[in-house]
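Please look through the sequence and the model shown here before reading on. The questions after it take up a few local features one at a time.

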Amino acid sequence: MNELIEKAAEAIRRADALLIGAGAGMGVDSGLPDFRGDQGFWRAYPPYAKLGLSFVEMANPEWFSQDPQLGWGFYGHRLGLYRNTRPHKGFHILKKWSERMRRGFFVFTSNVDGQFQRAGFPPDRVVEIHGAIDWLQCTAGCGIGIYECDPDNPQPVNVDEQTMRAVGQLPSCPRCGAIARPNILMFGDWDWDERRTGEQQQRLNRWFQEIRSANLVIVECGSGQAISTVRHFCEDAAGPDGTLIRINPREAEVPSGQIGIAAGALETLQAIDAILS
Ligand SMILES: [Zn+2]
């Protein structure tokens, strides 16, 4: 383990460009729930165990037409939770490393929780591949596009935690008055407006063009095989010349020559940072 930490620190010291990949495991050290498996989801949200509803069933756009109070109960609760959660120290360590990179950095995350921006990462350096909970779109598709959900309100939706139903005013479209929904890619979701994520990806692609000859290091945290977009992206980005540091307590396997560390994000980032500083 120590040898891997040393190797990781050396790769970061040598690099002049940093790509950060993040999945659900990154948020766990901030105290955010991990929805791994039905049991994990139901531990985080006991009312859904009683209703017999899984994460896959709740993360479904159908609720916003069939039962908006139930749909917004789930997303409204998470919106409040994410806005009121302080990102753990690992985010600040990554930010410090990012600022040292001569040729810049980018974040590529499947998380919708906005934690990188809340930790102070510049929004134009983040790709949220599944969208973000702080942004909304109209369910009627009236053409308003994607807009921010009540940015100064720490708890835009009130939720009865016994029933997990939203109470009172639900987020609605300021243009046509229809129910709004989070700009998040859900399961079986044909209506997700991908333009915001598309623009983020274009910025990332431009950066990749600029740094072709760079010494790229990739630090991937808490991205499992269940939703493997981030893992594949990070492996591809590493290619034959870059260094991938994969931090994952359960699924740390890496392509040959890369660095896989089987531990949590925060403790590993702190261990690497202790060597660097
Ligand atoms: Zn509308």
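**A metal site and a ring pair**

In sequence, the donor residues of the zinc ion follow the spacing C-x3-C-x30-C-x2-C. This is a predicted model, in which local features need pLDDT of at least 70, side-chain atom pairs count only at pLDDT 80 or more, and totals for chains, interfaces and linings use all residues. Residues are numbered from 1 along each chain as its sequence is written, and side-chain values use heavy atoms, with hydrogens and water left out.

Q: Which arrangement do the four donor atoms around the zinc ion make?
A: Donors are N, O and S atoms within 2.8 Å of the metal (3.2 Å for Na, K and Ca), and here they are the SG atoms of C138, C142, C173 and C176, at 2.3 Å. Four donors count as tetrahedral if all angles lie between 85 and 135 degrees. Because the angles they subtend are 100 to 116°, the arrangement is tetrahedral.

Q: Is C173 buried or exposed?
A: Buried means under 20% relative accessible area, exposed over 50%, and partly exposed in between (1.4 Å probe, protein chains only). C176, at 41% relative accessibility, counts as partly exposed. C173 has 3% relative accessibility and therefore counts as buried.

Q: What is the angle between the planes of F55 and F187?
A: Rings of Phe, Tyr and Trp (its six-membered ring) pair if their centres lie within 6.5 Å, with planes under 30 degrees apart counting as stacked, over 60 as edge-to-face and the rest as tilted. The structure holds 23 aromatic pairs. F55 and F187 form one that is edge-to-face, 5.9 Å centre to centre, and the angle between the planes is 90°.

Technical notes:
Four donors count as tetrahedral if all angles lie between 85 and 135 degrees; four count as square planar and six as octahedral if opposite donors are over 155 degrees apart and all others between 65 and 115; anything else is irregular.
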